[in-house]
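Subject: Structure handover

Hello,

My notes come after it.

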Amino acid sequence: MIDQPREINIQLMGKDYKVSSGLTIIAAIEYAGYKLVRGAGCRAGFCGACPTLYRRAGSHKLYTALACQTLAEDGMCLVQVPFVPVVRRPYDIEEVAPSANIILQYYPEVAACVSCNTCTRACPQGISVMDYIQTALRGDIEQTALLSFDCISCGICSSRCPADIKHYPVGQLARRIYSKYLLPRSSQLADRLDEMETEQCEVEVETMMHLSTEELRARYEQRSFETVAGRDQKHSAIQKWGTAVDPVDYRDEVEEVAY
Amino acid sequence: MHIDYYPGCTIKASAGQYETSVRAVLATLGIQMKEMEQWNCCGVVHSLASDNLIRHIAPIRVFARLQEQGGSEMLTLCDMCYNTLSQANHLVRQNARQRESINDFIEAEEDYDGEIHVLHLLQILRDRVGYQTIKKHVRRALQGLTVFPYYGCKLLRPGGMGIDDPEAPRVLRDLMHTLGAAVADDPLQTQCCGSYHIVNHDEIVSRRVGKIAARALERGADVIVLSCPLCHFNLDTRQALVDSPLPVLYFTQLMGVAFGLDLDVLGLNQHHIDPLMLLQQRGFVQEEEALV
Ligand code: SF4
Ligand code: SF4
Ligand code: FES
């Protein structure tokens, strides 16, 4: 913080502004006096409403980012892209049973992918977008669902693709088919739902209300994981730290509880 | 021994029986296939435009990825993939400037240096394993079966790029002889099946497939064997105009039958034209085995 100048120069849609340093792009735009009616939403990196297209001082390249997650830099020239018109083809989830060409039936344009990797480079979520388009192309629904899991539908990838592919609905369709038809069912979840129906779990909630932080923490650490019939491995999002399946590392939260 | 394996999309999407039969046959011969960790489509068709390099990004990225994964040789099963990969490889080996442009665009950790070798499965069997070794594994010689090898174009053309003589290929014939089968030859073996015209001009494909199958029948063939999933799709689904359609098998399925391998890995029940009846009648497959 010490070395940082107090103010930086940025260009918004070609016009020069001086803004306070250390601001996110969204905050810098507002600091400059604009009111964002579109191009901003959750401000926490989840909604995908705030794509920014920018160039850095001294570089000819166009970069992309989420405005709420990226700091404004001195010399940036930027514009908000509040919306990318992406094609979505309606389907009835009951009628899209998994098959090798089900995704191609709805989004045949994925076959035009030239493997240029532009989409991956553009994705603010660090997703291997090209790889999920490629797995969709070869009918691998599970991999498409897992690889695209962190997608927040910002549409940046689709604004840059030379083959004019519209990516996120492809990932969405794969994830929906995957969770409806392919994801193993958890018997624990079914039991739990039963317990809720019979109001059995209210007793447990009542007990937990009176536990100390240490006792709660001990329970959390000793919690059991889902098991899935026919698989030796326990299947749980929480077990797969740092993978596409688990965007949230619950361990941090546990630490916070402790202090 | 293991070999790095590039599957390609068609194998995964619609030719599972080819892949499982290859795995089983190669395992019998002591070769393990190691599928590349991440791979993309090969590009499908080699672009002949000299100034449209974007069409070569896909195949070159496949090589760059294998190089990054520490590989030096790549096995393919699909004739289309083999052709596209080989031609793109040839292009960047011959043309340093184009290679540089493609590498600059790909921006991988390492530039692709043009050193990866692409091998079609038939080359491995002919040149590395050898017919003598294959013969040693034959448990049920295919005596009395007449096979029509179909090569199509992608395996053989353009000359110099193909794996065999483009006018008089013999690799499938020799392989089938090794299994004990008789072979029916004909010039139509190297005629294109119509390829991707199946997508919007399927009448072209039906006409060509009709001619090829009729000729095979005339020559006394019982089955057609081939190595390309697209040719397979065309020949297996477009024989509607033919009076008595011939079963169309991947050559490794017949190798599996001759080796006496489990029928469930050979996928003989995954064809439009059922080959099981014929194989059963000729005594190569027992009735109870065929119930898989
Ligand atoms: S995959 Fe595309 S739509 Fe999804 S987060 Fe990445 S850039 Fe945005
Ligand atoms: S940007 Fe488009 S063409 Fe390029 S890799 Fe991504 S999906 Fe394929
Ligand atoms: S405002 Fe929601 S992701 Fe940036």
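Predicted model: local features only at pLDDT ≥ 70, side-chain atom pairs only at ≥ 80, totals over all residues.

Domains of chain B

Chain B is split into domain 1, residues 2-121, and domain 2, residues 138-290. Their C-alpha centres are 25 Å apart. In the contact between them, 24 residues of domain 1 of chain B meet 28 residues of domain 2 of chain B.

The size of an interface is often given as the accessible area lost when the parts come together. For domain 1 and domain 2 of chain B that area is about 2,100 Å², and 71% of it is on carbon and sulfur atoms.

On the side of domain 1 of chain B that touches domain 2, the elements giving two or more residues are helix 1 (9-14), helix 2 (16-28) and helix 4 (79-94) of chain B. Helix 2 of chain B gives the most, with eight residues. By class, this side of domain 1 has 13 nonpolar, 10 polar and one charged residues.

Salt bridges

Over all chains, the structure holds 22 salt bridges.

In chain A, Glu204(A) pairs with Arg192(A), with 3.5 Å between the closest N and O atoms. Glu204(A) is in helix 9 (residues 201-209) of chain A and Arg192(A) is in helix 8 (residues 187-197) of chain A, so the bridge ties together parts 12 residues apart in sequence. Glu204(A) counts as partly exposed at 34% relative accessibility, and Arg192(A) counts as partly exposed at 37%.

In chain B, Arg215(B) and Asp186(B) form a salt bridge at 2.9 Å, N to O. Arg215(B) sits in helix 9 (residues 202-218) of chain B, while Asp186(B) is in the loop between strand 6 (182-183) and helix 9, 29 residues apart. Arg215(B) is partly exposed at 27% relative accessibility, whereas Asp186(B) is buried at 5%.

Arg282(B) and Asp222(B) also form a salt bridge, at 2.9 Å, N to O. This pair links parts 60 residues apart: Arg282(B) lies in the segment after helix 13 (276-281) of chain B, and Asp222(B) in the loop between helix 9 and strand 7 (223-226) of chain B. Arg282(B) is partly exposed at 35% relative accessibility; Asp222(B) is buried at 14%.

Finally, a network of salt bridges links Lys61(A), Arg121(A) and Glu107(B).

Regards

Conventions
Residues numbered from 1 in each chain as written. Chains lettered and ligands numbered in written order. Heavy atoms only, no water. Domains from an automatic or database assignment. Contact = heavy atoms within 4.5 Å. Buried area = accessible area lost by both parts, 1.4 Å probe. Helix = DSSP H or I, 4+ residues; strand = E, 2+ residues; numbered from the N terminus. Nonpolar A, V, L, I, M, F, W, Y, C, P; charged D, E, K, R; others polar. Salt bridge = Lys/Arg side-chain N within 4 Å of Asp/Glu carboxyl O. Buried < 20%, exposed > 50% of the residue type's maximum accessible area, 1.4 Å probe, protein only.
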